[in-house]
Amino acid sequence: MEITLTAPLDMHLHLREGAMLAQVAPLSARDFAGGLIMPNLVPPVTTPERLRTYKEEIRQAIAPHTFTPYMTLFFTPHYTYDFLAQIRDEILAIKLYPAGVTTNSQEGVASFDLDLLAPTLEAMSQLQIPLCVHGETNGFVLDREAQFLPIYKELAQAFPDLTIVMEHITTHEAVQTLLEHENLHATITLHHLFTTLDDLAGGLLRPHLFCKPIPKRPEDRQALRELAFSAHERVMFGSDSAPHPRSKKEAPGCAAGVFTAPLALPALVQLFEEANALEALQAFVSDNARRIYRIDPPAKQVRLVKEPWQVPESYGDVVPFLAGTTLSWRVDAL
Ligand code: DOR
Ligand code: ZN
């Protein structure tokens with residue numbers, strides 16, 4: 001048995017820089033036709049120069065694979081209409097992080113006073129630049145996403161023409177909010193489709209499953225699965241694949257992030273097949289994103305075959321999600 005996906009896209013991807021980028025980027029570029037590259041570097045990507053240098057570094061790392069890096073800027077309320085108009089063709093979206101909620105987000109937004117954010121958001125709306133949001137507050141860890149939902153509603157109502165993407169949603173409440181507003185969209189990760197808080201912390205602590213937002217309850221995971229398996233037209237796959245070296249994960253202060261890129265497609269096919277939802281997979285991993293972001297990725301066909309494949313224990317010094325387990329699908333050599 002086999003399945004061919006046309007232009008699979010990963011619409012939320014951390015590639016890092018330097019040696020880590022060189023190590024992980026080819027793994028995404030092998031399996032995907034493109035990805036939305038997150039800007040939470042140190043310092044974050046906020047200038048045209050940094051954006052161009054970063055894109056060039058990615059290009060060199062992914063050769064010879066066919067893969068389009070769709071670039072993002074790190075949101076600041078200082079971006080003016082003129083600045084954005086000039087950089088518009090070099091980015092696909094702008095990513096907003098609340099200050100301090102996750103890895104390298106210290107320079108994020110400290111206040112959601114819409115009067116402060118409005119000029120930049122209005123300019124983005126006029127220039128048709130989508131806004132991607134890490135939607136968590138600094139509240140109690142299990143409630144952070146739910147506490148952020150009123151901000152999503154406010155943004156959706158105040159900027160009805162702005163394309164807003166709720167990144168890596170994890171709760172049934174977030175699914176409900178998404179359904180209520182036409183200009184809200186969402187990405188769902190692989191690890192939030194697979195895990196709940198029990199997998200991370202219900203037995204022995206599993207640092208390689210630790211991420212932000214934290215995985216939630218079984219009924220939350222079920223709501224995410226139903227949304228993905230129905231390939232709702234405003235939902236896309238975004239892995240949030242976020243590599244950290246083993247020394248940063250197996251540590252007293254464990255870094256947040258799950259590395260899923262090299263096994264994302266086989267694991268998705270397995271999950272969708274088990275749910276009898278394979279016919280929704282093409283829309284979930286490509287077609288919806290193409291429509292939402294108005295992109296035309298390379299016409300890359302990725303074939304998966306139903307043969308046992310053991311996920312490697314590590315890629316360099318990065319331990320992947322599901323390390324050492326055997327999946328029932330593998331990506332065919334291209
Ligand atoms: O777990 C996470 N890791 N969540 C994020 O939002 C950021 C990411 C990272 O960059 O490591
Ligand atoms: Zn992320």
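User: Let's start with the metal. What spacing do the donors of the zinc ion (ligand 2) follow along the chain?

Analyst: In this predicted model, the donors of the zinc ion follow the pattern H-x1-H-x225-D along the chain. The protein donors behind that pattern are His12 (NE2), His14 (NE2) and Asp240 (OD), and they lie 2.0 to 2.1 Å from the zinc ion.

User: Why does the pair of His12 and Asp240 tie together parts that are apart in sequence?

Analyst: His12 belongs to strand 2 (residues 9–13), while Asp240 sits in the loop between strand 9 (235–237) and helix 10 (246–249), so the pair links parts 228 residues apart in sequence. As you read the site, keep in mind that water is not among the atoms, so sites may look incomplete.

User: Good to know. On to the other ligand: which residues come nearest to ligand 1?

Analyst: There are 13 residues around ligand 1, and Arg16, Asn40, Thr102, Lys212 and His244 come nearest. By class, its shell has three nonpolar, seven polar and three charged residues.

User: Which polar side-chain atoms lie close to an oxygen atom of ligand 1, say in His244?

Analyst: For polar contacts, look for pairs of N or O atoms within 3.5 Å. A polar side-chain atom of His244 is 2.9 Å from an oxygen atom of ligand 1. For an N or O atom in the side chain of Thr102, the distance to a ligand 1 oxygen is 3.0 Å, and for one in the side chain of His134 it is 3.2 Å.

User: How much of the accessible area of ligand 1 does the protein cover?

Analyst: Taken on its own, ligand 1 has 280 Å² of accessible area, and the protein covers 100% of that. The space ligand 1 takes up is also the largest cavity.

User: Now the backbone. Which peptide bonds are cis, for example at Pro64 and Pro213?

Analyst: The general idea first: most peptide bonds are trans, and most residues other than glycine have a negative phi. Here, a cis bond joins Ala63 and Pro64, with omega about 5°. Pro64 is in the loop between helix 2 (48–62) and strand 4 (68–74). Another cis bond joins Lys212 and Pro213, with omega about -5°, and Pro213 is placed in the loop between helix 8 (197–201) and helix 9 (218–229).

Definitions and conventions
Residues numbered from 1 in each chain as written. Chains lettered and ligands numbered in written order. Predicted model: local features only at pLDDT ≥ 70, side-chain atom pairs only at ≥ 80, totals over all residues. Heavy atoms only, no water. Near = heavy atom within 4 Å. Polar contact = N/O pair within 3.5 Å; in protein donor to acceptor, adjacent residues only side chain to side chain. Areas by Shrake-Rupley, 256 points an atom, 1.4 Å probe, with all protein chains shown as cover. 1 Å grid on protein atoms, 1.4 Å probe; cavity = no way out; pocket = protein on both sides within 12 Å on 5 of 7 lines; lining within 4 Å. Sits in = over half its atoms within 2 Å of the grid points. Nonpolar A, V, L, I, M, F, W, Y, C, P; charged D, E, K, R; others polar. Donors = N, O, S within 2.8 Å, 3.2 Å for Na, K, Ca; no water. Helix = DSSP H or I, 4+ residues; strand = E, 2+ residues; numbered from the N terminus.
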